[in-house]
Amino acid sequence: MPRDHIRVTRALLSVSDKTGLVEFATALAGLGVELVSTGGTHRALSEAGLTVTEVAELTRFPEMMDGRVKTLHPAVHGGLLAVRDNPEHQAALAAHGIGAIDLLVVNLYPFEETLKAGRAYDDCVENIDVGGPAMIRAAAKNHADVAVVVDVADYSALLDEMRAGEGGISAATRRRLAQKAFSRTASYDAAIANWLAAEVPTQEAPAFRALGGRLGQSLRYGENPHQAAAFYRLPGTLRPGIATARQVQGKELSYNNLNDTDAAYECVAEFDPARTAAVAIIKHANPCGVAEGADLLTAYERALACDPTSAFGGIVALNRPLDAEAARRIVEIFTEVIIAPDASDEAKAIIGAKKNLRLLLADGLPDPRAAGETVRTVAGGFLVQGRDASVVDDMALKVVTRRQPSEAERADMIFAYRVAKHVKSNAIVYAKNGATVGIGAGQMSRVDSSITAARKAAEAAKSLGLAESLAKGSAVASDAFFPFPDGLLAAAEAGATAVIQPGGSMRDDDVIRAADEAGLAMVFTGVRHFRH
Ligand SMILES: NC(=O)c1ncn([C@@H]2O[C@H](COP(=O)(O)O)[C@@H](O)[C@H]2O)c1NC=O
């Protein structure tokens, strides 16, 4: 056996998830490994006919306090932590009658699953594993001499290695397993810390922040082919969305697909399905068409009409279960992803004819008002903020112009502002009759966004064979205040008759005066919707 290999003579197994346990332990026993384990694991192995020593025999203490104390003992931790070529450590083992443990197999109390099941506070507390992480950390620290397995998925490769190497495990494998073990305990503790943070909200930024997740999918690449990427799911997420959705069919999702689909679903979730059907079409994380309708087909047609060129290769999000009529129309143009709360069998069959088209079903719509956080990395750190959970229906809208908006204008203003929240800043959105007709996104100047949106509205009209821009008679939303009248005047020139914006500029008076002179109706929301 190469020098860097350790030969496993004794293994401690203590697992909550007993998948593959008996097969794995049987193979270990076959390799001459002595087995030690905790209560439930011991029971499972003995019932399978294996010879196993109970950990209580090592500690000479019974497991107690509902399992809160089973392995927290020097007989276990000494066996895991003793450095094999340190004479003092070896003397301590001998003096106290402690046997070395070469392999630790632990998976933890299912805290994340308990959280996900929405169980009571006390249940969650009881599912916080203490002894497991303590052993994992001990074995991982001592990876020079000990191997630690925290994932059922690693059983088979480890056995292959042991079989090929006279029961030995290489230093490289031990180090890789130790790295995984620390990632596991860190992610586990992050789930606990973040759950407690939500249970005990505070206005103060916590001194430490932990972020943990489980690999959902390795991705072929990131935003570009030369960037490595993977998708991680946060533990215990209950809010429906991209991370909880089931992929029913289609090619593997890419990094950009996941990011764009998230943007699409969060956008369409702003529309209450009990009130209206709604569709959002997204390209590069920005909406290129959003519309309401009596049904999904109508909403889709109207969303598509906003910018049919950009919709090619887009992501389509629906706020109601996908039906056959909408499905039939959506498959007519190249679409990357469809996401909806559900889909009828007929709709699934229609989508099924397009093998590559990805269909995701989320089993519900996310609540746009739900509290939560967004995280973004910057060089050497990360920024955390509360998610933008503000919804235009809850805002105290204030008419600031002489002219009051008509009912139709008011409805379109609200619609446009709802969409503007999901458009990258600077965001300008023209809307008419519950559909976007021109969107200007991500420009460095608000005037440029206004001009882009107006140009889009004119182009959309042309593609429909109409002489007049779709912006004519529309309402326009701006995600932040107009600092000068120029952006507002560009919108008026394009044909908008009503404006919705947060207000709050030091030149609001100038902007209001310009709106009055142009005969516009303007509403201030008092809430900004920057999105960078
Ligand atoms: N308290 C302890 O000393 C302790 N030692 C190990 N465990 C956990 O007990 C579970 C296995 O228990 P059992 O073998 O009884 O089914 C494992 O998830 C393991 O991480 C413990 N439980 C909780 O902390």
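Reader: How many residues lie between β19 and β20 in their hairpin, and which residue in the turn has a positive phi?

Author: Strands are DSSP runs of E with at least two residues, helices are runs of H or I with at least four, and both are numbered from the N terminus. Two strands pair if DSSP finds at least two bridges between them. Here β19 and β20 form a hairpin with two residues between them, and N433 in the turn has a positive phi of about 50°. The pairing of β19 with β20 (residues 435-440) is antiparallel and runs over five bridges; in it, A431 stands opposite T436. This is a predicted model, in which local features need pLDDT of at least 70 and side-chain atom pairs count only at pLDDT 80 or more, while totals for chains, interfaces and linings use all residues. Residues are numbered from 1 along each chain as its sequence is written.

Reader: Which other strand pairs with β19, and in which sense, parallel or antiparallel?

Author: Strand β21 (residues 475-478) pairs with β19 in the antiparallel sense, over four bridges. Within β21, V476 is the bridge partner of Y430.

Reader: Which residues of β19 point one way, and which the other way?

Author: In a regular strand the side chains alternate between the two faces of the sheet. In β19, I428, Y430 and K432 point one way, V429 and A431 point the other way, and all are buried. A residue is buried if 20 or more other C-beta atoms lie within 10 Å of its own, exposed if 12 or fewer, and partly exposed in between, with C-beta atoms placed from the backbone. Because five of the five residues of β19 (residues 428-432) are buried, this strand is largely enclosed by the rest of the structure.

Reader: What is the largest nonpolar core, and where does it lie?

Author: A nonpolar core is a set of buried Ala, Val, Leu, Ile, Met, Phe, Trp, Tyr and Cys residues joined through C-beta atoms within 7 Å. The largest one has 97 residues, and those with the most contacts inside it are V268, V279, A303, A317, A416 and V429. Helix α16 (residues 407-420) contributes seven residues, the most to this core. Domain 2 (237-361) and domain 3 (391-524) both give residues to this core, so it lies between them. A second, separate core has 48 residues, including F24, L80, I169 and L177.

Reader: Which residues does V268 touch?

Author: Two residues are in contact if their C-beta atoms, placed from the backbone, lie within 7 Å. Leaving out residues up to four places away in sequence, V268 touches A278, V279, A280, A317, L318 and N319.

Reader: How is the protein chain divided into domains?

Author: Domain bounds come from an automatic or database domain assignment. The protein chain is divided into domain 1 (5-199), domain 2 (237-361) and domain 3 (391-524). Taken over C-alpha atoms, the centres of domain 1 and domain 3 are separated by 61 Å. The C-alpha atoms of the protein chain fill a box of roughly 95 × 50 × 40 Å along the principal axes. The chain has 19 helices and 23 strands, and buried residues make up 43% of its 532 residues.

Reader: Which strands pair with β5, and is β5 enclosed or open?

Author: Five of the five residues of β5 are buried, so this strand is largely enclosed by the rest of the structure. From β5, L103, V105 and N107 point one way, and L104 and V106 the other way. β2 pairs with β5 in the parallel sense over five bridges, with L104 as the bridge partner of L12. Strand β6 (residues 147-149) also pairs with β5 in the parallel sense, over three bridges, and there V148 stands opposite L104.

Reader: Why does V150 count as buried?

Author: V150 counts as buried because it has 26 C-beta neighbours inside 10 Å. V150 is found in the loop between β6 and α9 (155-164). Its contacts, not counting residues up to four places away in sequence, are V106, N107, I136, K180, A181 and R184.

Reader: How many residues surround the ligand, and which elements supply them?

Author: A residue is near a molecule if its C-beta atom, placed from the backbone, lies within 6 Å of it. The ligand is surrounded by 21 residues, the closest being T38, G40, T41, G131 and G132. Elements that give two or more residues to this shell are β2 (10-15), α2 (39-47), β5 (103-107) and α8 (131-141). The largest share, three residues, comes from α2.
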